[in-house]
Amino acid sequence: MRNFFVLALLIFSTFIFSQVQSLNDNFEGTGNIATWSGDGCGMNNSFTNPFQTGINNSTKVLRYEDTGAQYANIRFETESNFNLTANNSFSLKIYVPSSGITGNQPNQISLKLQNSLLPEPWSTQCEIIKPILLNEWQVITFNFATDNYINLDGGSPNPIYRGDFNRVLIQINGENNNDQVLAYLDDFIYAFTDGPVFNNLVWSDEFDGNGAINQSKWFHQTQLPAGGSWYNGELQHYTNRQVNSFLSNGALNIVAKRENFTDQGQTKQYTSARLNSKFAFKYGRVEARIKLPTGAGTWPAFWMLGKNIIELGAFWSSTNGTVVWPACGEIDILEHWGSNQNYVQSAMHTPSSFGSTVNYGGQTISTASSEYHIYSLEWTAERMIFKVDNVVHYIYNPAIKNSDTWPFDAEQYLLLNIGIEPSVTPSFIQSAMEVDYVRVYQETALSSLDNIRLSAIALYPNPVTTHLTIDIPQQIMGIKAKVYSVLGQEISSFSLNEEHNIIDVSSYQNGMYFVKMETNNGMKTFKFIKN
């Protein structure tokens, strides 16, 4: 009877409630959370960042000041409800100065989910508490599928079975006390974990070998813009010489150098390379494994521009150019400034936001220039999700998508380059960005027959306690299946060789899992809950 109740609740929450897809707020006025409010505390959600350091150099933050109220908190509500089965992770940045706290409360932050429609919204709340450090920005993540949680009502089910939450409440250093707390919050993200499966590798360069780059995949952009200098006052010439871009031991090296070089009637003191991909695409996952250069004044980037850009000397411009920047849209997957070593950033430039960067987020990678890291973008028709080593630091998902905010419904191409800023130090000689690979994945286009067959697959019981049955059509017997945790870890893999397949899941930890079924022509993902 209990399993029937949980399954019914899961079905109800999945199909009856309208569901929140993703939320984000960087407090620069471009987020999609409009209802922040405070209880028993002072709150300013457009406050000048007093600690532009470490992982957070943004201009605006949310200021939270508990001046001694017994149950101080900040919160927001959504018009629809959270579906924690599909989407269960919240994250934010926080800075608490030691000078802004009193008393002996534990240094912690709590994120609570509540139903604001109840007379006492807290009565059925679910809470996750995390410790925090003082005097530094840090990213705190609350995952209701994997973290320890507290149900105020002990009879409440696991939060991922529920669909009645529509309020997020944040509390710092506990409640039921009169101590004071000053804190700053930034980059709130409700990270989307469901959506298209980008499993089909459609283009890549593994940069195998040594010597010249693959001219069939990359174009050297060397022509100076009108005025004789690159944008943002950059000091370099981009060249097609092998000293500035070459393959070595299975990696692309883009090298910025101090040297006098004359081209197009202009002599400059620095050289580098700027590569355009001869491949363009719309929607998918793009990732590159990169080790960054060092030196104040270096500005390496892995980014994208609309194929329709009109720009002198760009590969696609002569055949596809119809609009100028920023109408073409710009997606900065990775930027790094040598003057802010180890802080990496992603940003968006559109007609509604360009010049002074507004739409951006980033994180600190302590080994950005000494080790390789994977920088990635997941691009769908609804949102952009930016990650480093699979850790989300920014989501772009404007509430209104039009040509001003979302010129991203057309193909874009890839760029790799190192610029040299006017602030470059006199001691700079040369440094390289090393790229192990660049890969683009998209959804596999299933045949109509495969779609029908995959749609006929059934998993039950769901939730399951010990044994999961997977029914498949006879025509696809032998299909491969893999089980993944919510963190993307592969738990098991097997072939389904019968129409009725019984899988022992008794050793699995309680929680949500994904089963990916793969035919020769594509893949489909199913979910199940282990009790």
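This is a predicted model: local features need pLDDT of at least 70, side-chain atom pairs count only at pLDDT 80 or more; totals for chains, interfaces and linings use all residues.
The volume of the largest cavity is about 40 Å³, and the count of cavities of 30 Å³ or more comes to two.

The second largest cavity, with a volume of about 30 Å³, has a lining made up of Asn24, Thr30, Asn359, Tyr394, Ile395, Tyr396, Asn397 and Pro398. Strand 29 gives the most to the lining of this second largest cavity, with three residues, and by class the lining holds four nonpolar, four polar and no charged residues.

## Asparagine 24

When residues up to four places away in sequence are not counted, asparagine 24 touches Gly31, Asn32, Ile33, Phe188, Ile189, Ile395 and Asn397.

## Aromatic pairs

The structure holds 32 aromatic pairs. One of them is formed by phenylalanine 90 and tyrosine 190, whose rings are stacked at 4.6 Å centre to centre with 25° between the planes. This pair links distant parts of the chain, since phenylalanine 90 lies in strand 8 (residues 89-95) and tyrosine 190 in strand 14 (residues 181-191), 100 residues apart. Both phenylalanine 90 and tyrosine 190 are buried, and both belong to a cluster in which ring pairs link Phe27, Trp36, Phe76, Phe82, Phe90, Phe144, Phe188 and Tyr190.

Tryptophan 325 and phenylalanine 354 form an edge-to-face pair, at 5.8 Å centre to centre and with 85° between the planes. Tryptophan 325 lies in the loop between helix 2 (317-320) and strand 24 (330-336), and phenylalanine 354 in the loop between strand 25 (343-349) and strand 26 (359-364), so the pair ties together parts that are 29 residues apart in sequence. Tryptophan 325 is partly exposed, with a relative accessible area of 34%, and phenylalanine 354 is also partly exposed, with a relative accessible area of 43%.

## Lysines over rings

Lysine 217 lies over the face of tryptophan 203, at 6.0 Å from the ring centre. The charged end of lysine 401 sits over the ring of tryptophan 406, 5.4 Å from its centre.

Key. Residues are numbered from 1 along each chain as its sequence is written. Side-chain values use heavy atoms; hydrogens and water are left out. Rings of Phe, Tyr and Trp (its six-membered ring) pair if their centres lie within 6.5 Å; planes under 30 degrees apart count as stacked, over 60 as edge-to-face and the rest as tilted. Helices (H or I, at least four residues) and strands (E, at least two) are DSSP runs, numbered from the N terminus. Buried means under 20% relative accessible area, exposed over 50%, partly exposed in between (1.4 Å probe, protein chains only). A charge sits over a ring if NZ of Lys or CZ of Arg is within 6 Å of the ring centre and within 35 degrees of the ring normal. Contact means heavy atoms within 4.5 Å. On a 1 Å grid over the protein atoms alone, a cavity is a set of points where a 1.4 Å probe fits but cannot get out, and a pocket is an open set with protein on both sides within 12 Å along at least five of seven lines; lining residues have an atom within 4 Å of a point. Grid points are joined across faces, edges and corners, and a volume is the space filled by probe spheres set on the points. Ala, Val, Leu, Ile, Met, Phe, Trp, Tyr, Cys and Pro count as nonpolar, Asp, Glu, Lys and Arg as charged, and the others, Gly among them, as polar.
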